Amino acid sequence: YARLSIDDRNQRALNTYIIRKNKSKWQIGRDYEMYIAYLYRSKGWAVIQYGIEKKLEDMGRDLIVMGKDKILIVQCKYWSETKLIHEKHIAQLYGSTIEYALNNGFLNGNATVEPVFVTNIDLSETAKRFAQTLKVTVHKIDMGNFPRIKCNVNNNERIYHLPFDQQYDRTKIENDGEFYAYTVKEAVEAGFRRAFRFYGAN
């Protein structure tokens with residue numbers, strides 16, 4: 001380990017984080033939200049990771065996904081396969097979608113606002129009926145691989161953040177020249193360095 005370069009140590013730290021089994025529920029949920037956000041972005045949607053920004057105050061809106069004439073209010077649940085999604089979760093998402101549409105003037109506007117529930121597990125029969133009646137779209141998607149490194153430009157400094165770094169959740173990737181990278185090498189070759197302030201156990 002001592003003979004590894006700084007970049008190799010950072011990559012090893014990221015690899016360890018990805019395969020780690022004892023992540024907190026928050027880290028697992030964040031990973032899943034980021035993966036689903038990645039899937040939407042790869043299809044050309046603009047995504048606000050509202051759940052990561054607001055945490056417990058997200059009102060069941062993990063992602064706000066915006067297209068030309070449609071806004072999706074997305075809730076993500078990555079749980080143990082022994083559990084079921086119950087109707088209260090579908091009802092919460094539906095109510096949160098209506099609240100968002102009301103407060104943002106979309107009920108009679110040009111854009112439609114639709115609820116989408118994304119999970120890795122099954123819904124109870126009652127939850128399925130709720131989703132059908134309330135017109136909540138449900139997608140069953142397992143976790144996949146996605147780029148986790150945030151390459152951010154701040155005051156002309158090109159800085160990358162790993163998932164366990166101090167400013168990771170606060171850092172947004174939304175401006176020209178910013179992107180998500182799969183590997184430290186990819187970030188470094190694009191001219192980014194790791195943030196000086198981080199909680200990283202390399």
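Author: The largest pocket has a volume of about 640 Å³. Here a pocket is an open set of points on a 1 Å grid over the protein atoms alone, where a 1.4 Å probe fits, with protein on both sides within 12 Å along at least five of seven lines; the volume is the space filled by probe spheres set on those points. Keep in mind that this is a predicted model, where local features need pLDDT of at least 70, side-chain atom pairs count only at pLDDT 80 or more, and totals for chains, interfaces and linings use all residues. Numbering starts from 1 along each chain as its sequence is written, and side-chain values use heavy atoms, with hydrogens and water left out.

So who lines the pocket? There are 22 lining residues, each with an atom within 4 Å of a point, and Lys 25, Gly 29, Cys 76, Lys 77 and Trp 79 lie nearest the centre. Helix H2 (25-42), strand E3 (70-77) and helix H4 (87-103) each give two or more residues, with H2 giving the most, seven. (Helices are DSSP runs of H or I with at least four residues, strands are E runs with at least two, numbered from the N terminus.)

E3 belongs to an open sheet of five strands, ordered E1-E2-E3-E4-E5 with mixed pairing; strands pair if DSSP finds at least two bridges between them. Strand E1 (46-48) and strand E5 (137-140) stand at the edges with a single partner each, so one side of each has no neighbour in the sheet. Strand E2 (residues 63-66) pairs with E3 in the antiparallel sense over four bridges, and Leu 63 stands opposite Val 74 in E3.
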